[in-house]
Amino acid sequence: STKTTQNWIRWRYVCQKNSIHSMILTQLKRLTQLLLLLALQALILNHMSLWGMGTPMVGVLLLVYLPMDTSRSAAMLWGFSLGLLTDIFSNTPGMGSAAMTLAAMLRPSILDMQAPKDAPEDLLPTYQSMGIWNHIRYIFILFLVHHTCYFMLESFSVSHIRLAFIHLLASMATSLLVALSLETLRSTKR
């Protein structure tokens, strides 16, 4: 009886220890994704301006990569963090963090609309798990929310709404092209 109790306590300790290690590895993986997306944005994409209007912004992919069971507050914290860091490196005071936070806040609802009805709670949104068109719609809607917020804050005036709309369309086109290319690379790597 005493030996059984000791074994049970050891087993429980090992399970908790493995769970903590798994959680730490997950957060480190997410931090690595954040840093890679930040480096891509700050070092390469910020210097690309296609058609003189569209700068690709792919930070939203961090939110796309989050599993379905990620809490809204955790997603908002990750989104705000990447948005703030992007603001610092892009000299866009608050626009990136506001847009990323809004996209993170709306992410669970958008994902629920696009995920299969019988999807497990820990679904990782990919082409394979959601289907190609649902996944593309999910990415498109998240990017649309982010970019709309970003460019509305940038123009901050109704008189410049036409120019903001042109920037929005050009940026959406380039961002989606880069994002879907990265998603394709990511899915073929698995």
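The model is predicted, with a mean pLDDT of 86 for the chain and 89% of its residues at 70 or more.

**Confidence**
- Confidence within the chain is lowest in helix α1 (residues 2-44), where the mean is 75, and highest in helix α4 (residues 95-114), where it is 95.

**Nonpolar core**
- The largest nonpolar core comprises 38 residues, and those with the most contacts inside it are Leu61, Leu63, Val64, Tyr138, Leu142 and Phe143.
- Two or more residues of this core come from each of α1, α2 (61-64), α3 (72-90), α4, α6 (132-155) and α7 (161-189), with α6 giving the most, at 8 residues.
- Leaving aside residues up to four places away in sequence, Tyr138 touches Leu63, Val64, Arg107, Ile110, Leu111, Gln114, Pro125 and Met130.

**Helix α6**
- At 1.5 Å a residue, the 24 residues of α6 should span 34 Å, and this agrees with its end C-alpha atoms, which are 34 Å apart.
- The buried residues of α6 include Tyr138, Leu142 and Phe143, and among them are also His135, His146 and His147.

**Whole-chain totals**
- Of the 190 residues in the chain, 38% are buried, while the accessible surface comes to about 11,100 Å², with 69% of it belonging to carbon and sulfur atoms.
- Among contacts with a separation of 6 or more, 72% are between residues 24 or more positions apart.

Key
Residues are numbered from 1 along each chain as its sequence is written. This is a predicted model: local features need pLDDT of at least 70, side-chain atom pairs count only at pLDDT 80 or more; totals for chains, interfaces and linings use all residues. Side-chain values use heavy atoms; hydrogens and water are left out. pLDDT is the predictor's confidence in each residue, from 0 to 100. Helices (H or I, at least four residues) and strands (E, at least two) are DSSP runs, numbered from the N terminus. A nonpolar core is a set of buried Ala, Val, Leu, Ile, Met, Phe, Trp, Tyr and Cys residues joined through side-chain atoms within 4.5 Å. Buried means under 20% relative accessible area, exposed over 50%, partly exposed in between (1.4 Å probe, protein chains only). Contact means heavy atoms within 4.5 Å. The expected span of a helix is 1.5 Å times one less than its number of residues. Accessible areas come from the Shrake-Rupley method with a 1.4 Å probe; for residues, only the protein chains shown count as cover.
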